[in-house]
Amino acid sequence: MVTDGWQAYAKVVRDNGIIHGSCWAHARRKFVAAQNVQPKGKTGKADWALNQIPKLYAIEKQAGEQTPEQRNAIRKVKSAPLIRQFRDWLDTSVAQVLPNSTLGRAVHYLAIQWPLLVRFLEDDYLPLDNNLAENAIRAFVVGRKNWLFSQTPRGAHASAAIYSLIETAKVNGLSPYDYLQFVFATLPLCHFADTRPRDRHRGVATLAVERDPADLSNPIAGTEGGLLERLHRLQRVMASRLLPSSLVIRRRLMLG
């Protein structure tokens, strides 16, 4: 999971055993803010950082279509030297900037997040940023003032579940409407088996879904309460970021 520096993510990571990386795009934005307040015509530390970060992205673009093993090799050969150079610059810069200045906040954010920012060198599946997830949630974030409060934790979990279902369908090239029709038509005929072992690389667990022969003979058997309970189980699954693998053709799971 790749996130910004919000500390609340630490509990999610700790409780679920998720591999956690920090977002280089968020780190970059802070240097953009520092560059914007520089005197005109002057260059400084913000410019140096903003010149280095795109080099990492250029390497990732080259490595993006490779196998995980090939991507790891490219990162070790090309990204690691840039990271070491960046670290040397950071160690010097931390002592030279005012902590409460715009540049100081950018430098100190980079220093605090550094262990997570360089985690991508250790795990082949971690991207440099979480832009994919942020772009996915933009569709409903822009309307958040219309639904700012869920009123109850249960409502918040329900919202998270439906957003996750819709965005997972979209990232896999499926029609959300058709996908939801399939989910809600299939769900009453399914029951959830035990959780499979966690995928170490992606921090994602999957659930096995099997047809219940008794339900097949009577599609509406146990509908009163039974369907509602299955929907609530799906909601709990989605709220904890687990997907029923037989219901999802998954290439990439949106982990915000």
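I took a salt bridge to be a side-chain nitrogen of Lys or Arg within 4 Å of a carboxyl oxygen of Asp or Glu. I worked on a predicted model, in which local features need pLDDT of at least 70, side-chain atom pairs count only at pLDDT 80 or more, and totals for chains, interfaces and linings use all residues. Residues are numbered from 1 along each chain as its sequence is written, and side-chain values use heavy atoms, with hydrogens and water left out.

Entry: count. I searched the whole structure and found six salt bridges. Side chains of opposite charge can pair when their charged atoms come close.

Entry: E134 and R29. I found these side chains joined by a salt bridge, at 3.6 Å from N to O. E134 belongs to helix 6 (residues 131-141) and R29 to helix 2 (residues 24-36), so the pair ties together parts 105 residues apart in sequence. Helices here are DSSP runs of H or I with at least four residues, numbered from the N terminus. For accessibility I used under 20% relative accessible area for buried, over 50% for exposed, and partly exposed in between (1.4 Å probe, protein chains only). E134 is partly exposed at 22%, and R29 is partly exposed at 41%.

Entry: D91 and R87. I noted a salt bridge of 2.7 Å, N to O, between these side chains. The two residues are four apart in helix 4 (residues 68-94), a separation of about one helical turn. D91 is partly exposed at 43%, as is R87 at 28%.

Entry: R119 and E122. I recorded a salt bridge whose closest N and O atoms are 3.5 Å apart. R119 is partly exposed at 23%, whereas E122 is exposed at 59%.
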